[in-house]
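Let's take a walk through a protein model together. Have a look at the picture below, and then we will follow a few of its parts one by one.

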Amino acid sequence: MKILYLNVNGFFGDSSIKKILGENKMLPKVKDCREDGLNKIISRLLVDKLNSQKESYDMIFLSEIDSHSEATREFKEKMENNNYTCILPNAVDEKSNVDEKFFSITVAFIKNEYLEEWLNNKKSNKSMETWLQICEIGCTSNKKILIAGLHVAKEEILNDLQNTKEYNNKNFIIFGDFNLDFYDEENKEDFKKIIENLSAEEVVDEEKKYTFRGKTKVDRVITKNVKDVTLRVDESYYTEGVSDHAALIIDIEEP
């Protein structure tokens, strides 16, 4: 099974718009940029890039998705035409929609032939109630591992993920933007605590490439009792300006 994870930066490409808003404590203003032409252009470029890859992905997890933007709606339609179904986080479905305040969520696009095998009623797992930045699938039978893509701030990880009992007795693979840099000494200690509390281990690409344009490695993969997992970092997603992050390409032997 082949999985791609990417923080899409709200379909703002490699722009610094969110960084500037964040520094000025105006991050919610990113919603005012929803209909800007840039995000539509980037979403189309991402679809084209995914279609041009020699390899095909069984599952694609994307974080920093603004579910209310036209760019996202257009992207979703194009992916559905390519035989994928969009899965919202925390068992949310299309009918209930996602609250307007959630302009940064994590979603999964799963090939239609895997829906019945991995999901109940085409919904993700019910997860942590307070945020929608983690999208979990799997564990629907004893034969399935838990697969989760996420994007969280350091405080959320330390306070929620490492303390939740949901993961204690499950075999899993969790990947995404942990906002904890592989090369930062303080971050290393915090990440080590998370791994120890989850009885997990980290999967690292052989070349130990940066995953963010700011020369950090914040996008990471951890597993528990999952064998033969390999990771490759595709930097072209940020060098070509499609995002400000690299993509994680994860291969798993049939889980």
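**A strand, its sheet and a helix pair**

Let's begin with strand 1 (residues 2–7), which is mostly covered: six of its six residues are buried. Here, buried means under 20% relative accessible area, with over 50% counting as exposed and anything in between as partly exposed (1.4 Å probe, protein chains only). Before going on, note that this is a predicted model, in which local features need pLDDT of at least 70 and side-chain atom pairs count only at pLDDT 80 or more, while totals for chains, interfaces and linings use all residues. Residues are numbered from 1 along each chain as its sequence is written, and side-chain values use heavy atoms, leaving out hydrogens and water. Strands (E, at least two residues) and helices (H or I, at least four) are DSSP runs, numbered from the N terminus.

In a regular strand, side chains alternate between the two faces of the sheet. You can follow this in strand 1: Lys2, Leu4 and Leu6 point one way, Ile3, Tyr5 and Asn7 point the other way, and all are buried.

Which strands pair with strand 1? Two strands pair if DSSP finds at least two bridges between them. Strand 11 (residues 247–252) pairs with strand 1 in the antiparallel sense over four bridges, and Leu4 has Ile249 as its bridge partner there. Strand 2 (residues 59–65) runs parallel to strand 1, joined to it by five bridges; here Leu6 is partnered by Leu62.

Strand 2 is also joined by five bridges to strand 4 (residues 105–111), this time antiparallel, with Met59 opposite Ile110. Now step back to the open sheet: six strands in the order 3-4-2-1-11-10, with mixed pairing. Strand 3 (84–87) and strand 10 (229–234) each have a single partner strand, so one side of each is left without a neighbour in the sheet.

Finally, turn to the helices. Helix 2 (residues 37–52) and helix 3 (residues 70–81) pack at an angle of about 20°, with their axes 8 Å apart. Axes are lines fitted to C-alpha atoms, for helices over the stretch in contact, and angles run from 0 to 180 degrees between N-to-C directions. Helix 2 and helix 3 are therefore roughly parallel to each other (angles under 35 degrees count as roughly parallel, over 145 as roughly antiparallel, 65 to 115 as roughly perpendicular and the rest as oblique).
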